[in-house]
Amino acid sequence: MKIIAKPIDMIATFSSNRNRLPIPFKFRYETRSGERSEIRVDRIISTEKRKLAGTDSIVYTCQSQINGELHLYELKYIIGSYYWELYKI
């Protein structure tokens, strides 16, 4: 996977258990050609808390079917900034 770290618009839900982590549901991002694309998160494969350069974040490895093909990608939630990005694709 290649790191792209593009900002995205996210719709997320929250779990009702104690950790109350955001759960990505659907996101929108701008493609290289300038088009807005909307992707529904079909499956969350793994979740990992990371601390990079003093910034806490949660990285979700996800899978979605896009144009009939399965794609693997990573979404990153920066905790202190309440910010989502498409991290790797």
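1. Asp42 is partly exposed, with a relative accessible area of 42%. In this predicted model, the side chain of Asp42 forms a salt bridge with Arg40, and the closest N and O atoms are 3.5 Å apart. Arg40 is also partly exposed, its relative accessible area being 49%. The pair belongs to a total of five salt bridges in the structure.

2. Glu38 takes part in two further bridges. One joins the side chains of Lys26 and Glu38, at 3.6 Å from N to O. This pair links distant parts of the chain, since Lys26 is in strand 3 and Glu38 in strand 4 (residues 36-40), 12 residues apart. The other joins Arg28 and Glu38, at 3.7 Å from N to O. Because Arg28 lies in strand 3 and Glu38 in strand 4, this pair ties together parts that are 10 residues apart in sequence.

3. Lys26 has a relative accessible area of 25% and is partly exposed. Arg28, at 36%, counts as partly exposed, and Glu38 is partly exposed at 48%.

4. In soluble globular proteins, nonpolar side chains tend to be buried together.

5. Leaving out residues up to four places away in sequence, Phe27 touches Ile8, Asp9, Met10, Ser37, Glu38, Ile39, Val41, Tyr73, Leu75 and Leu86. Ring pairs also link Phe27 with Tyr29 and Tyr73 into a cluster.

6. The structure holds four aromatic pairs. The rings of Tyr77 and Trp84 have centres 4.9 Å apart and planes at 45°, so this pair is tilted. Both Tyr77 and Trp84 are buried.

7. Is Ser57 buried or exposed? Ser57 counts as buried, because its relative accessibility is 2% and the cut-off for buried is under 20%. Ser57 sits in strand 6 (residues 55-66). Apart from neighbours within four places in sequence, Ser57 is in contact with Glu48, Lys49, Arg50, Lys76, Tyr77, Ile78 and Ile79.

8. On the surface, Met1, Ile45 and Leu72 form a nonpolar patch with about 290 Å² of accessible area together. Ile45 is in strand 5 (residues 43-52) and counts as partly exposed at 40% relative accessibility. Leu72 is in strand 7 and, at 42%, also counts as partly exposed. Ile45 and Leu72 are 27 residues apart along the chain, with 9.2 Å between their C-alpha atoms. Besides Leu72, Ile45 touches Thr61, Cys62 and Gln63, not counting residues up to four places away in sequence.

9. Most residues other than glycine have a negative phi. Ala53, although not a glycine, has a positive phi of about 55°. Ala53 lies in the loop between strand 5 and strand 6 and counts as exposed at 85% relative accessibility. Asn67, likewise not a glycine, has a positive phi of about 50°. Asn67 lies in the loop between strand 6 and strand 7 and counts as exposed at 77% relative accessibility.

How values were computed
Residues are numbered from 1 along each chain as its sequence is written. This is a predicted model: local features need pLDDT of at least 70, side-chain atom pairs count only at pLDDT 80 or more; totals for chains, interfaces and linings use all residues. Side-chain values use heavy atoms; hydrogens and water are left out. Helices (H or I, at least four residues) and strands (E, at least two) are DSSP runs, numbered from the N terminus. Buried means under 20% relative accessible area, exposed over 50%, partly exposed in between (1.4 Å probe, protein chains only). Contact means heavy atoms within 4.5 Å. Rings of Phe, Tyr and Trp (its six-membered ring) pair if their centres lie within 6.5 Å; planes under 30 degrees apart count as stacked, over 60 as edge-to-face and the rest as tilted. Patches are made of residues with over 30% relative accessible area and no salt bridge: like charges are joined within 9 Å, nonpolar side chains (Val, Leu, Ile, Met, Phe, Trp, Tyr) within 5 Å. Accessible areas come from the Shrake-Rupley method with a 1.4 Å probe; for residues, only the protein chains shown count as cover. A salt bridge is a side-chain nitrogen of Lys or Arg within 4 Å of a carboxyl oxygen of Asp or Glu.
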